[in-house]
Amino acid sequence: MLGACAAIEQATVDEAKKEVSERAQQRWDHVTKGETDKAYEFLSPASRSTLSFEVFRKRNAAGRWWRTMKIEKVDCRADACQVRMAVEYDLYEIKGLKKNIEETWIKDAGTWWLVAG
């Protein structure tokens, strides 16, 4: 019986990793295209209740500088995931800068959402 429970739990974690990876990629596709309004829609309901779109837009105005994003690792529990990404971006004349970004995603009402940092 314990083996069956472990298999079900692993399947749930694997499904979470897949769903969160897809949502994170979709969100970053919007970010790199400068589609701030669409990227905002990936924020959790709680994050959107405390972070207005205008503030989000101003914080993410540099989105046009992002070049690429690659998901390096997704660690999940049943209701929360940590996503580590390698991003490449430009900063004015300096091209091809790289850094790692960590995001927290939570499951709420059956959907995975980004928690605003």
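Let's start at the largest pocket, where β3 makes the biggest contribution to the lining, with four residues. Helices (H or I, at least four residues) and strands (E, at least two) are DSSP runs numbered from the N terminus. A pocket here is an open set of points on a 1 Å grid over the protein atoms alone, where a 1.4 Å probe fits, with protein on both sides within 12 Å along at least five of seven lines; lining residues have an atom within 4 Å of a point. The model is a predicted one: local features need pLDDT of at least 70 and side-chain atom pairs pLDDT 80 or more, while totals for chains, interfaces and linings use all residues. Residues are numbered from 1 along each chain as its sequence is written, and side-chain values use heavy atoms, without hydrogens and water.

Among the 17 lining residues, R27, N60, E103, L114 and G117 lie nearest the centre of the pocket. At least two lining residues come from each of α1, α4 (53-59) and β3.

Now follow the strands into an open sheet of four, ordered β1-β2-β3-β4 and paired antiparallel; pairing takes at least two DSSP bridges between two strands. Because β1 (66-76) and β4 (111-114) are the edge strands with a single partner each, one side of each lacks a neighbour in the sheet. Between β1 and β2 (residues 80-91) there are nine bridges, and D75 has Q82 in β2 as its bridge partner.

Finally, look at W105, whose contacts (heavy atoms within 4.5 Å) include V20, R27, F42, C81 and L114, leaving aside residues up to four places away in sequence.
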